[in-house]
Amino acid sequence: MVTVSSWGRLEQAEHHVQSLTHRDEVADVIRQSRPGLAHGMGRSYGDECLNPGGTLWLTAGLDRFIRFNEETGCLLCESGVLLRDIQRLAVPRGWILPVTPGTQLVTVGGAIANDVHGKNHHAYGSFADHVRHMTLLRTDGDMIECGPSQHPEWFAATVGGLGLTGFILTAEIQLRRVSGPWLQAETIPYRNLHEFFTLADASEADWEHTVSWVDCISSGGGRGLFMRANYSGPSGAAAPAAANISMPCVPPFSLVNPWTLKVFNAAYFNVRKRLAGQEDLHYERFFYPLDNITGWNRMYGPKGFYQYQCLVPRADGQQAIQAMLHEISRTGDGSFLAVLKTFGSRASLGMLGFPQPGVTLALDFPNQGGRSLTLFERLDAIVREAGGRVYLAKDARISRDFFEASYSRLAEFLPYRDPGITSAMSRRLMGS
Ligand SMILES: Cc1cc2nc3c(=O)[nH]c(=O)nc-3n(C[C@H](O)[C@H](O)[C@H](O)COP(=O)(O)OP(=O)(O)OC[C@H]3O[C@@H](n4cnc5c(N)ncnc54)[C@H](O)[C@@H]3O)c2cc1C
């Protein structure tokens, strides 16, 4: 048995693990060791990539590129390939992933199973919008070839399907042309949520990437820094040096607490406000700033942390986000990493996919047991009232009732489940 935890480090659970290294062996391994669950880089925060007491099929060894057409930008690869390796293969050849999350240390399988989104949802949708084809292996040995126009029902169940419909063996992804690794970025301070929404509305037509850091702790709530960026031509700046900062151990208590937060957030806002303006940023610095700090998740101490990410429809978005920030600032708990972002008009192709039109707020909270759970219940109530949902890639605790109410395509999804696959999350939210 091996101890495995997810990114939030809330639970250190014992698992049987099976490391997969060759495509040809996967069908036999998953048939013989079912029920189990595919596990990529464990960058999901909660219980979705865990199967305590059961089997995990580790995909890190399925990391081969199979075919890359430099003319069309179409890439066929195994599901354990890291987004980082795709970027490093493709960018020097004039191609890039159209959609990428805030870390490149995730696998293609994990990115599909959560239908991850990036900072350009309003322009490029989510990851699945760029998947042309997948090979899905069921634990009974069936192999299903699917894509947007081939067995589209299997495709819709599997993208955003939390790894529960089968094992994704390979995927074909359409990359997009890019002029080089540089983006021209602009940072604009804003004083309140009204200004945030005005900036978002004014930027989406001309800027591919938009995102903002929001100060969740300042009184009144809602000031922040809005960032927008477009790919640009070559830059005179040097590419960033390789990562060299690391959090070497788990401190005995969380380094994130009401005192450090208040000081950090005020300092961050004021320093960045003074430096606001335009700058050239390499794509790795722009998209993946946290990847430079190895093991940053340890700073929350031995009890780990929760990420709360929700999405609320745009109509009531400002009111709902304001109410959430008010609740958070009242408790004094909260996050250095508070991200606010609008989504465009495309809903996820996936039956359980998270993205849909609206505005999303994501915050990290140190695990303070019942106190944290009480706060999350208040936030859930606001999200539910606004007709929103919580992102399952980040979740470890929403109720089954809230899940069923907010993921309205659940009944359509359930028939596609593979009975040989189970996770801590599926047991919590679906009963098996
Ligand atoms: C710093 C940071 C920033 C992030 N930013 C974003 C963001 O901006 N946007 C966003 O959407 N997400 C974001 N995430 C979440 C992350 O992108 C997702 O959780 C992603 O799915 C993790 O991929 P993984 O390879 O680690 O998969 P895991 O976490 O190991 O697994 C995730 C799911 O994928 C399934 N899975 C993995 N491989 C396969 C396979 N071969 N076949 C079938 N199922 C499979 C697993 O069973 C599980 O259900 C962020 C995470 C971190 C740590």
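This is a predicted model: local features need pLDDT of at least 70, side-chain atom pairs count only at pLDDT 80 or more; totals for chains, interfaces and linings use all residues.
Arg-223 itself is partly exposed, with 22% relative accessible area.

## Other salt bridges

How many salt bridges turn up in the whole structure? The search finds 22. As a bit of background, side chains with opposite charges can pair when their charged atoms come close.

Take Asp-380 and Arg-397: their side chains form a salt bridge with an N to O distance of 2.4 Å. Asp-380 belongs to helix α10 (residues 370-385), while Arg-397 sits in the loop between β21 (389-390) and α11 (400-406), so the pair ties together parts 17 residues apart in sequence. Asp-380 has 9% relative accessibility and Arg-397 has a relative accessible area of 17%; both are therefore buried, since the cut-off is under 20%. These two residues are also part of a network of salt bridges that links Asp-47, Asp-380, Asp-395, Arg-397 and Arg-428.

Then there's Asp-85 with Arg-84, a salt bridge whose closest N and O atoms are 3.2 Å apart. Here Asp-85 is partly exposed at 29% relative accessibility, and Arg-84 is partly exposed too, at 26%.

## Around the ligand

Which residues come nearest to the ligand? Out of the 34 around it, those are Ala-38, Ser-44, Thr-107, Asn-114 and Tyr-391. Sorting the shell by residue type gives 16 nonpolar, 15 polar and three charged residues.

On the polar side, a backbone atom of Arg-43 is 2.8 Å from a ligand oxygen, and a side-chain atom of Glu-48 lies 3.0 Å from an oxygen of the ligand. A ligand nitrogen, for its part, is 2.9 Å from a polar backbone atom of Ile-168. On its own the ligand has 980 Å² of accessible area, and the protein covers 96% of that. As for secondary structure, the elements giving two or more residues to the shell are β3 (36-39), α3 (108-113) and β10 (167-174).

Key. Residues are numbered from 1 along each chain as its sequence is written. Side-chain values use heavy atoms; hydrogens and water are left out. A residue is near a molecule or strand if one of its heavy atoms lies within 4 Å of it. A polar contact is a pair of N or O atoms within 3.5 Å; within protein, one must be able to donate a hydrogen and the other to accept it, and residues adjacent in sequence count only if both atoms are side-chain atoms. Accessible areas come from the Shrake-Rupley method with a 1.4 Å probe; for residues, only the protein chains shown count as cover. Helices (H or I, at least four residues) and strands (E, at least two) are DSSP runs, numbered from the N terminus. Ala, Val, Leu, Ile, Met, Phe, Trp, Tyr, Cys and Pro count as nonpolar, Asp, Glu, Lys and Arg as charged, and the others, Gly among them, as polar. A salt bridge is a side-chain nitrogen of Lys or Arg within 4 Å of a carboxyl oxygen of Asp or Glu. Buried means under 20% relative accessible area, exposed over 50%, partly exposed in between (1.4 Å probe, protein chains only).
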